[in-house]
Amino acid sequence: MFRNGLMLRSRCESCKLDYTFIDTGDGPAVFAILILGFVVLGLALFVEFRYEPPVWVHVLLWGVLTPLFAFVLLRFLKATLIALIWTNKAEEGRLAKD
């Protein structure tokens, strides 16, 4: 499904599904920000109050782990949103003609 990290392929290699209909927008990024903010802040506070490390340990630890968590979480959320779009046959909203 993905090539080069978070970029989508043009089509599925096994079933030949064309991915041009997919537009995930900013949805996965918004959820990733909210989830990562909660998890990383909670872990940082836990580490701070439990072990009381110097500031450079926090910078090194969370400066490395946060982008890794973000990458993995964004791939998961983007794939999930694509599956939901496909399953529900979601498309752009339109006003009904009477």
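Trainee: What follows H2, and what is its phi like?

Mentor: Helices here are DSSP runs of H or I with at least four residues, and strands are E runs of at least two, numbered from the N terminus. H2 is followed by Lys 89, whose phi is positive, near 50°. This is a predicted model, where local features need pLDDT of at least 70, side-chain atom pairs count only at pLDDT 80 or more, and totals for chains, interfaces and linings use all residues. Residues are numbered from 1 along each chain as its sequence is written, and side-chain values use heavy atoms, with hydrogens and water left out.

Trainee: How many residues does H2 have, and what span does it reach?

Mentor: An expected span is 1.5 Å times one less than the number of residues. H2 has 34 residues and reaches 47 Å from first C-alpha to last, close to the expected 50 Å.

Trainee: Is His 58 buried or exposed?

Mentor: Buried means under 20% relative accessible area, exposed over 50%, and partly exposed in between (1.4 Å probe, protein chains only). His 58 lies in H2, residues 55-88, and counts as buried because its relative accessibility is 16%. Contact means heavy atoms within 4.5 Å; leaving aside neighbours within four places in sequence, His 58 contacts Ala 44, Val 47, Glu 48, Pro 53 and Gly 63.

Trainee: What covers the buried residues of H2?

Mentor: The cover includes strand S1 (2-3), strand S2 (7-8) and H1. Among the buried residues of H2 are Trp 62, Leu 73 and Ile 85.
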